[in-house]
Amino acid sequence: VENSLDAGADDIRIELKAGGKTLIRVTDNGSGMTREDVQAAICRHATSKLAGIDDLRTLSSFGFRGEALAAVAAVSRMTIETSPDESGEGTRLEVEAGDPVEVAVTGRPRGTTVTARTLFFNLAPRRSFLKSDSYELKVIVETVRGYALAWPAVRFTVVADDRTLFNLPPAATTRERIAELYDRRVAEALVELRVENPLLTVSGYLSDHTQLRAFFDVQMVYFNRRPVRSRVVTRALYDAYGPALGSNRPNFVVFFETDPARLDVNIHPTKEEVRFSDERFLFDFLSEAASKALGLRRGTQTGADEFLFQQTMTTEESLPSGFWQVHNSYIMAQVTTGYIIVDQHAAHERVLYEDMLGTRRTVQPQGLLFPITVELSPEEHEAWELVRGQLPEIGLEAHAFSGRTVVIETVPAGSFLGKAEVREFFAELVRVRRAKGNIADEVVKVMACKGAIKAGQKLSQQEMESLVNRLFACREPYFCPHGRPAVLRVTVEELDRKFGRT
């Protein structure tokens, strides 16, 4: 089924006998395979989905190890029929216990049919470990359901022992597909969830907190439409309900879209689990997003007005005398609905980033009393040569001194770039040079990060007020340019709940 989806199929049919023990057949209308490809498809570690080793860092397909067909072919009598075009001529490959028996021409429309018969016929001990027909069928049906939810536009048909279990026509939305697969009442009791962030986008559906029950019908998690198990995601969603959950269990179907480079898909042998690059952020981000979707917390991520220290709110109201900087890293501030905690580094990073983007070519440089001299490595020097023409636009002026030595004469006004930060900046340019995204934007992000106030840096009352007000004047005040949270909010209602007042 994964190969069918990777092949662009929009109609997939699964036929089974004896819970798949005697017959599993998957037919699709995807792109099909050439004669050369179909013969290579049953070889171990053969895949058409990787062009080079770098593709492993940005996987966008399901199967990529080249093991599935080979593994099944080794323990069954397999037939593959396929055609890559509409000519009506295709290839049939017969395989027994992993060995090709016959390759022949066959007539068929575009697409592929893979048939596996008499599973484990050559491995009697392994066959004895298979469970009952009904249990194996249940596992297969649940697996197909998982893909059907993620691909509502694809028709899925499952036939077991000549009985159609489900025939799902293309659906317009995931909610419609949920109603087809489960119960319409289940679908109607769901709340829609969608939040975008530079690191990842989350969308999907979860049970309304007023419609919770003691058992769930569906709990599915997807990363880039790959169905996976994730304890972090499940815990975050349960956390989002707070006391409203009680002993109940919510339904949810949640999709995450993110850069494949941020996912480790190799932590489980069958790819049933993945690990996100920052699971602490994932938990906090999802719990907050789900709570807002459920209406269990006031405010929205786009409602910056609630945080702005406006003219109607005096300085004393916004930042009470001492209310203060925690561990010289976080700023606490009272707002109309409770209080906020601002990460001073992430906040200043966001401010500098938007300042540089908004005033490109006019950003004020700050001259250095003592120019900074840096000896660059060959890679750093090459990266600097690539972007040196863009640096004056964001307030950093540097020129070659001799060999690979560079002299920095100005830094962006308002930044905290010293020699150590400048040194780190040039090291980061090497990574930027290798990045596939917008190099100019990446340079600005690095400059903002290295020039921002650091954790552990003590700020005066005036500096704290200025930073927070500048942050909430930004277009996107809630996250640093790399996607990490800059602001956490605690409402009065949450405080009342935690102290047992409600």
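Reply: Helices (H or I, at least four residues) and strands (E, at least two residues) are DSSP runs, numbered from the N terminus. In these terms, the protein has 16 helices and 22 strands. The model is predicted, so that local features need pLDDT of at least 70 and side-chain atom pairs count only at pLDDT 80 or more, while totals for chains, interfaces and linings use all residues. Residues are numbered from 1 along each chain as its sequence is written, and side-chain values use heavy atoms, with hydrogens and water left out.

The sheet comes first. Two strands pair if DSSP finds at least two bridges between them. Strands of a sheet pair through backbone hydrogen bonds, either parallel or antiparallel. Here, five strands form an open sheet with mixed pairing, in the order E9-E10-E13-E11-E12. Its edge strands, each pairing on one side only, are E9 (190–196) and E12 (226–228). From one strand to the next, the twist averages 15°. Angles run from 0 to 180 degrees between N-to-C directions, and axes are lines fitted to C-alpha atoms, for helices over the stretch in contact.

Strand E10 (residues 200–207) is joined to strand E13 (residues 252–258) by seven bridges in the antiparallel sense. Within this pairing, Tyr 205 has Val 253 of E13 as its bridge partner.

Helix H8 (residues 231–241) lies across E10, E11 (219–223) and E13, and runs at about 120° to E13. Helix H9 (residues 279–294) lies across E9, E10, E11 and E13, and runs at about 130° to E9.

The expected span of a helix is 1.5 Å times one less than its number of residues. For the 16 residues of H9 this gives 22 Å, in agreement with the 22 Å between its end C-alpha atoms. As for its surroundings, a residue is buried under 20% relative accessible area, exposed over 50%, and partly exposed in between, using a 1.4 Å probe and protein chains only. Twelve of the 16 residues of H9 are buried, so the helix is largely enclosed by the rest of the structure. Among them are Phe 281, Phe 283 and Phe 285, as well as Glu 288 and Lys 292. Just after H9, Gly 295 takes a positive phi of about 75°.

Ala 18 has a phi of about 55° and is found in the loop between strand E1 (11–17) and strand E2 (23–28). Asp 162, with a phi of about 65°, lies in the loop between strand E7 (155–160) and strand E8 (163–168). Ala 18 is buried, at 17% relative accessible area, whereas Asp 162 is exposed, at 69%.

For the setting of this part, 47% of the 502 residues of the protein count as buried. The protein exposes about 24,800 Å², of which carbon and sulfur atoms supply 50%; these accessible areas come from the Shrake-Rupley method with a 1.4 Å probe, and for residues only the protein chains shown count as cover.

Terms used
Contact means heavy atoms within 4.5 Å.
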